[in-house]
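Colleague: I'd like to learn how to read a model like this one, feature by feature. Can you put it up and walk me through?

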Amino acid sequence: YQVGAGVGVLSWLTFYFSDKPIGASSFYANVAGMMGRTLAPVHTAKLKYFQENPPKLLKWENVFLLGAVVGAFLAATSGGDFSGRWLSPLWTERFGDSMMLRLGVAFGGGALMGVGARMAGGCTSGHGISGTMQLALSSWITVVSLFVGGIITAMWLFGGL
């Protein structure tokens, strides 16, 4: 309950100070823009998205995502849950101990989530926290679909289906 209330207050403060919803997918677009400016500057400069949202190293989205990673690490270590394992026992029991398979699935799934976030106009945290808080019907549909899809995928992957 305390974490839920904290996220709600964080959402209010984010809207108040930045007039933007909480979300993480714009971080990836920002990083892609910075890479594009380095690798293909002429092409990147022509893209409407990056004309309207110029990529910068220090943006609130970058700090938000870095804070999430650091916060997760601190929570795991202070709570005694940090194991230092790359493969969980559940994963190795179901799929074996191939690190390449695990990395391939993780990066492939992350890429699909990134594409989906761009197509949906926001990521799971953007729709799940900010969108539902604003009572946006599209966000509620997205969140229900995410939970249903997640349950079906977990049951399929780990033997429940």
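Colleague: Is Thr14 buried or exposed?

Modeller: Buried means under 20% relative accessible area, exposed means over 50%, and partly exposed is in between, with a 1.4 Å probe and protein chains only. Thr14 has 12% relative accessibility, so it counts as buried. Keep in mind that this is a predicted model, where local features need pLDDT of at least 70, side-chain atom pairs count only at pLDDT 80 or more, and totals for chains, interfaces and linings use all residues. Residues are numbered from 1 along each chain as its sequence is written, and side-chain values use heavy atoms, with hydrogens and water left out.

Colleague: Which residues is Thr14 in contact with, leaving aside its neighbours within four places in sequence?

Modeller: Contact means heavy atoms within 4.5 Å. On that basis Thr14 touches Asp19, Lys20, Pro21, Ile22 and Trp60. Thr14 itself sits in helix H1, where helices (H or I, at least four residues) and strands (E, at least two) are DSSP runs numbered from the N terminus.

Colleague: And where is Trp12?

Modeller: Also in helix H1, but Trp12 is exposed, because its relative accessible area is 59%. Trp12 belongs to a nonpolar surface patch with Val9, Leu13, Tyr16, Phe17 and Met133, and together they have about 720 Å² of accessible area.

Colleague: What makes a patch?

Modeller: Patches are made of residues with over 30% relative accessible area and no salt bridge; like charges are joined within 9 Å, nonpolar side chains (Val, Leu, Ile, Met, Phe, Trp, Tyr) within 5 Å. A salt bridge is a side-chain nitrogen of Lys or Arg within 4 Å of a carboxyl oxygen of Asp or Glu. The areas come from the Shrake-Rupley method with a 1.4 Å probe, and for residues only the protein chains shown count as cover. In this patch, helix H1 (residues 2-18) gives the most, with five residues.

Colleague: How many aromatic pairs does a search of the whole structure find?

Modeller: Rings of Phe, Tyr and Trp (its six-membered ring) pair if their centres lie within 6.5 Å; planes under 30 degrees apart are stacked, over 60 edge-to-face, the rest tilted. The search finds five. Among them, Phe27 and Tyr28 are edge-to-face, at 5.1 Å centre to centre with 80 degrees between the planes. Phe73 and Phe82 are edge-to-face too, at 5.4 Å and 80 degrees. Phe73 has 43% relative accessibility, so it counts as partly exposed, and Phe82 is partly exposed because its value is 49%.

Colleague: Which residue lies over the face of Trp91?

Modeller: A charge sits over a ring if NZ of Lys or CZ of Arg is within 6 Å of the ring centre and within 35 degrees of the ring normal. Here Arg102 lies over Trp91, 4.8 Å from the ring centre.

Colleague: What about backbone angles?

Modeller: Most residues other than glycine have a negative phi. Leu135, not a glycine, has a positive phi of about 60 degrees. Leu135 lies in the loop between helix H8 (124-133) and helix H9 (137-157), and counts as exposed because its relative accessibility is 68%.

Colleague: How many helices and strands does the chain have?

Modeller: Nine helices and zero strands. The C-alpha atoms fill a box of roughly 50 × 40 × 35 Å along the principal axes, and buried residues make up 21% of the 161 residues.
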